[in-house]
Amino acid sequence: MPFIGIHVSSAGGISKTFERAKEVEAQCFQFFLRSPRVWHFKGLPKEEESTFIKLKRTWQYPLMVHAPYLLNLASPDPNLRKKSMEVFLEELKICDELEIEFYNFHPGTAKGISDEEGIKLVIDSLEKIFISYKPKNTTVLLENTAGEKGDIGKNLEELKMIISNFPKEKIGVCIDTCHAFAYGYDIRDKRGFSQFKLSIEKTIGLEKVKAIHANDSKVPLGARKDRHQHLGLGYIGNKGFALFLNDEYFSTLPYYLETPKEGNWDEINLKNLRDLALMTLTL
């Protein structure tokens with residue numbers, strides 16, 4: 001059975017994330033170490049780190065930290081890229097010290113340059129990061145993007161071009177279902193899902209997919225916009241998620257919801273994921 005969880009707020013201290021996950025009966029969960037839209041970070045108090053580690057060691061499900069949205073390892077601006085690498089490295093070290101399983105990030109946006117140049121910049125940035133620090137506990141995950149203008153990592157081929165340069169590093173991929181669908185991978189039915197899985201096997205390899213961001217899409221197939229929707233209310237629909245949850249490989253992974261924070265929709269979406277994981281005989 002897959003591990004089913006959600007993104008939770010870390011407001012007031014990262015140790016509060018465990019209680020927030022318990023409140024909605026989430027297993028795995030994701031959070032930010034800082035506000036995702038600011039560069040400044042005052043760090044974590046030692047007491048907070050100690051409390052978090054104690055709680056983490058009693059939690060049996062994998063945790064994920066999402067990098068700030070400001071990071072852009074594909075930027076042609078050397079100052080922005082340098083700042084992005086510094087924040088990336090800072091957060092990766094914290095994740096590793098806190099024994100967090102995954103550090104997830106968007107590869108970046110190549111503005112004013114070609115995709116090929118942007119990919120080279122991401123590779124160069126990651127090389128510098130891994131030279132500076134090699135995590136023991138935390139795996140770095142590249143998240144596929146929706147294909148908006150300049151997006152790097154929008155398809156499996158681009159992800160392969162990046163991660164194939166790091167065969168000895170702790171690196172993998174987090175598949176965002178909304179982004180994949182918005183880019184053009186039709187995962188709504190068995191045929192499309194099977195083709196998507198086969199494409200993964202031929203490019204990055206199934207073993208490199210370590211987690212799933214479970215999000216329905218507000219936009220139709222191939223619209224190339226990042227617009228998350230509640231499960232079953234978007235263009236992907238429940239069957240697409242049931243195919244993932246009941247697949248031989250994907251059913252072994254953690255699932256993190258990033259659906260809109262509205263009313264009691266966290267509980268509704270989590271229940272829907274759990275129910276869909278039991279749909280094997282009706283597919």
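This is a predicted model: local features need pLDDT of at least 70, side-chain atom pairs count only at pLDDT 80 or more; totals for chains, interfaces and linings use all residues.

1. Lys134 pairs with Glu169 in a salt bridge whose closest N and O atoms are 2.7 Å apart. Because Lys134 sits in the loop between helix H4 (115–132) and strand E5 (139–143), while Glu169 sits in the loop between helix H5 (156–163) and strand E6 (171–176), the pair ties together parts that are 35 residues apart in sequence. The relative accessibility of Glu169 is 18%, which means that this residue counts as buried, the cut-off for that class being under 20%.

2. A salt bridge also joins the side chains of Lys154 and Glu158, with an N to O distance of 2.6 Å. Is each of these two partners buried or exposed? Lys154 is buried, at 8% relative accessibility, and Glu158 is likewise buried, at 7%.

3. Asp266 and Lys261 form a further salt bridge, in which the closest N and O atoms are 2.9 Å apart. Asp266 has a relative accessible area of 15% and is therefore classed as buried. Elsewhere, Arg34, Glu90 and Glu91 are joined in a network of salt bridges.

4. With a relative accessible area of 60%, Glu25 is exposed.

5. Arg224 is located in the loop between strand E8 (216–217) and strand E9 (228–229), and its relative accessible area of 36% makes it partly exposed.

6. How do the axes of helix H8 and helix H9 cross, and within what distance do they come? The axes of H8 (residues 238–245) and H9 (residues 265–276) come within 9 Å and cross at roughly 60°, so the two helices are oblique to each other. The crossing of H8 past H9 is right-handed.

7. The residues that meet between these helices are Asn238, Phe241, Ala242 and Leu245 from H8, and Asn272, Leu273 and Leu276 from H9. Sorted by class, this contact of H8 with H9 comprises five nonpolar and two polar residues, with no charged residues.

8. Finally, Cys95 belongs to helix H3 (residues 78–97) and, at 0% relative accessibility, counts as buried. When neighbours within four places in sequence are left aside, Cys95 is in contact with Leu33, Val65, Ile100, Tyr103 and Thr138. The C-alpha atom of Cys95 is separated by 16 Å from that of Gly172, a residue 77 residues apart from Cys95 along the chain.

Key. Residues are numbered from 1 along each chain as its sequence is written. Side-chain values use heavy atoms; hydrogens and water are left out. A salt bridge is a side-chain nitrogen of Lys or Arg within 4 Å of a carboxyl oxygen of Asp or Glu. Helices (H or I, at least four residues) and strands (E, at least two) are DSSP runs, numbered from the N terminus. Buried means under 20% relative accessible area, exposed over 50%, partly exposed in between (1.4 Å probe, protein chains only). Axes are lines fitted to C-alpha atoms, for helices over the stretch in contact, and angles run from 0 to 180 degrees between N-to-C directions. Angles under 35 degrees count as roughly parallel, over 145 as roughly antiparallel, 65 to 115 as roughly perpendicular and the rest as oblique. A crossing is left-handed if the near helix is turned anticlockwise from the far one by less than a right angle, and right-handed if clockwise. Contact means heavy atoms within 4.5 Å. Ala, Val, Leu, Ile, Met, Phe, Trp, Tyr, Cys and Pro count as nonpolar, Asp, Glu, Lys and Arg as charged, and the others, Gly among them, as polar.
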